[in-house]
Amino acid sequence: MSKGILARLRLSSLRLRLVVVFALVALTAAVAASGIAYWLNREAVLTRTQDGALNDFRQEMQNRAATLPLRPTEEDLRRTAEQMAGGSAGYQVLLLGERAVGKPIVGASDPDDFTLADVPRSLREAVDTERPVTEADPYPYHLFWQRTERDGAPYLVGGTRIDGGGPAGYMFKSLAAEKADLNSLAWSLGIATALAVVGSVLLAQGAATTVLRPVHRLGEAAKQLGEGKLDTRLRVTGADELADLTRTFNSAAESLQKKVADMSAREESSRRFVADMSHELRTPLTALTAVTEVLEDEQDSLDPMIAPAVALVVSETRRLNILVENLMEVTRFDAGTARLVLDEVDIADQITACIDARAWLDAVDLDAERGIVAPLDPRRLDVILANLIGNALKHGGSPVRVSVRTEDDELVIAVRDHGPGIPEEVLPHVFDRFYKASASRPKSDGSGLGLSIAMENALIHGGSITAANSVGEDGAVDGAVFVLRLPLDASGITREVQTRSSQGEVEEA
């Protein structure tokens with residue numbers, strides 16, 4: 001069975017549930033109707049048959065058995081029983097009389113088919129019981145009947161006694177024909193029930209198709225909407241609830257498209273503003289940087305009252321320069337124009353160069369074997385390492401340990417410090433932009449962009465960065481650990497990124 005059929009027949013399918021409900025309702029109604037019809041027909045058939053036989057038997061008892069002498073012979077009883085059974089009612093007769101007091105004799109129309117042993121004892125006792133004569137009931141003996149079975153075949157047994165000491169008579173009628181008729185009726189009703197269920201299933205299938213087709217279209221449209229195709233709309237047909245639902249969907253889609261367009265326009269405007277602002281700031285910053293470098297060179301010869309102010313200007317100018325560079329880098333990522341420039345990089349040499357360029361050799365322990373080479377963007381890898389190691393030195397203190405290993409097709413670089421670790425409430429936000437762990441230091445040296453830029457550079461390589469706390473043997477926190485994972489072969493990811501970037505390229509400063 002194909003997956004499509006299995007998907008249609010899964011228990012959570014609305015189509016299957018609708019068909020099952022229709023089938024159960026139809027089955028319940030058909031079984032109830034068939035049961036009532038069978039019961040009514042059964043009672044009608046059996047009542048008609050037994051009433052006809054019993055009335056005929058009563059009439060025969062009055063016309064023939066009542067004319068027998070008080071002490072009939074066995075031949076008299078047999079002959080009379082044969083005469084009574086010879087009618088069209090189709091039953092056998094047994095007459096029970098006395099040739100003397102306490103000496104019963106029996107006459108049967110067919111001794112091989114009907115004997116006194118076939119009469120239930122309870123029926124014989126009821127027939128032999130004399131009732132009190134009253135104004136409401138002037139007869140001491142009544143006609144009694146009972147349905148019984150012999151060898152699995154149904155029979156009707158009836159009996160009564162002639163008033164004034166006459167013989168008792170019993171009739172024995174087969175109900176096999178009626179049973180056959182009722183069995184035929186039961187089969188007919190069963191077939192009708194099955195056809196009703198099949199018809200209800202087909203009807204449910206048609207109804208499900210009619211109802212679920214627009215629901216399916218609505219689901220497909222919602223899926224396309226979730227995939228970003230905000231211009232998706234549905235054609236409205238009819239005036240029922242599904243048409244109202246379709247109109248509501250179209251209205252919601254139109255409103256969503258408008259809001260997304262407005263948000264995109266505002267985001268693009270904000271991104272352009274940041275890019276333009278960063279670009280415009282670079283020119284005066286270049287001049288400021290040149291001036292601060294001159295002032296820094298002349299700092300020793302300046303007036304002691306002015307020297308602190310000059311040092312502050314130099315420090316803040318450098319910080320502003322770094323902030324502008326970071327903002328421009330963030331803008332490139334947001335605009336989708338950041339590109340990878342791959343080169344075969346020896347990881348150990350790259351980390352050593354990063355540490356040496358920032359004079360961190362004495363504060364960093366490097367554990368990296370030689371010969372691990374991967375196609376990466378050296379500049380972006382340097383940005384990642386500088387941010388991770390610099391962050392560890394700033395908040396965790398030296399020594400910082402950098403270890404390099406490979407796992408399957410991944411390059412794993414772990415940067416660990418031995419500081420107080422990262423608070424649990426801060427861990428989910430360490431890579432958020434402009435997030436600072438200490439609210440009491442809003443004017444700290446960091447801008448809150450370093451780790452977020454490191455994460456963006458890892459993502460553009462197809463990698464990731466995770467942050468966690470290292471736990472010592474005593475169970476206490478023993479510093480923070482940042483783990484960088486990069487694919488050993490990023491060429492495929494690079495092609496995808498460059499293709500995406502070429503479709504939305506903007507001017508870079």
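E1 and E2 form a hairpin with two residues between them. Gly102, in the turn, has a positive phi of about 80°. This is a predicted model, in which local features need pLDDT of at least 70, side-chain atom pairs count only at pLDDT 80 or more, and totals for chains, interfaces and linings use all residues. Residues are numbered from 1 along each chain as its sequence is written, and side-chain values use heavy atoms, with hydrogens and water left out.

**Strands around E1**

- Strand E1 covers residues 92-100 and strand E2 covers residues 103-108. Helices (H or I, at least four residues) and strands (E, at least two) are DSSP runs, numbered from the N terminus.
- E1 and E2 pair in the antiparallel sense over six bridges. Two strands pair if DSSP finds at least two bridges between them.
- Leu96 stands opposite Val106 in E2.
- E1 is also joined to strand E5 (residues 168-174), by five bridges. E1 and E5 run antiparallel.
- Leu95 has Gly169 of E5 as its bridge partner.
- In a regular strand the side chains alternate between the two faces of the sheet.

**Strands around E12**

- E11 and E12 form a hairpin with five residues between them. Gly475 in that turn has a positive phi of about 90°.
- Strand E11 (residues 464-471) pairs with E12 in the antiparallel sense, over seven bridges.
- Ser464 has Arg485 of E12 as its bridge partner.
- E10 and E12 run antiparallel and are joined by seven bridges.
- Glu410 has Pro487 of E12 as its bridge partner.
- Eight of the 11 residues of E12 are buried, so E12 is largely enclosed by the rest of the structure. Buried means under 20% relative accessible area, exposed means over 50%, and partly exposed is in between (1.4 Å probe, protein chains only).

**Salt bridges**

- The count comes to 19 salt bridges. The rule asks for a side-chain nitrogen of Lys or Arg within 4 Å of a carboxyl oxygen of Asp or Glu.
- Side chains of opposite charge can pair when their charged atoms come close.
- Arg485 and Glu410 meet through their side chains in a salt bridge (3.2 Å, N to O). Arg485 lies in strand E12 (residues 477-487) and Glu410 in strand E10 (residues 410-416), so the pair ties together parts that are 75 residues apart in sequence.
- Arg485 is partly exposed at 25% relative accessibility. Glu410 is partly exposed too, at 32%.
- Arg64 and Glu60 form a salt bridge between their side chains (2.8 Å, N to O). Arg64 is partly exposed at 32% relative accessibility, whereas Glu60 is buried at 16%.
- Glu43 and Arg42 also meet in a side-chain salt bridge (3.2 Å, N to O). Glu43 is partly exposed, with a relative accessible area of 26%. Arg42 is partly exposed, with 30%.

**Surface patches**

- Val20, Leu24, Leu27 and Val31 form a nonpolar patch on the surface. Together they have about 320 Å² of accessible area. Areas come from the Shrake-Rupley method with a 1.4 Å probe, and for residues only the protein chains shown count as cover.
- Patch residues have over 30% relative accessible area and no salt bridge; like charges are joined within 9 Å, and nonpolar side chains (Val, Leu, Ile, Met, Phe, Trp, Tyr) within 5 Å.
- Leu27 sits in helix H2 (residues 14-63). Leu27 is partly exposed at 37% relative accessibility.
- A patch of negative charge on the surface gathers Asp343, Glu344, Asp408, Asp409 and Asp489. Lys and Arg count as positive and Asp and Glu as negative; His and the chain ends are not counted. The place of a charge is NZ of Lys, CZ of Arg, CG of Asp or CD of Glu.
- Glu344 belongs to strand E6 (residues 343-346). At 53% relative accessibility, Glu344 counts as exposed.

**A loop residue**

- Thr129 lies in the loop between helix H4 (121-128) and strand E3 (144-150). Thr129 is partly exposed at 35% relative accessibility.
- Thr129 and His142 are 13 residues apart in sequence. Their C-alpha atoms are 9.0 Å apart in space.
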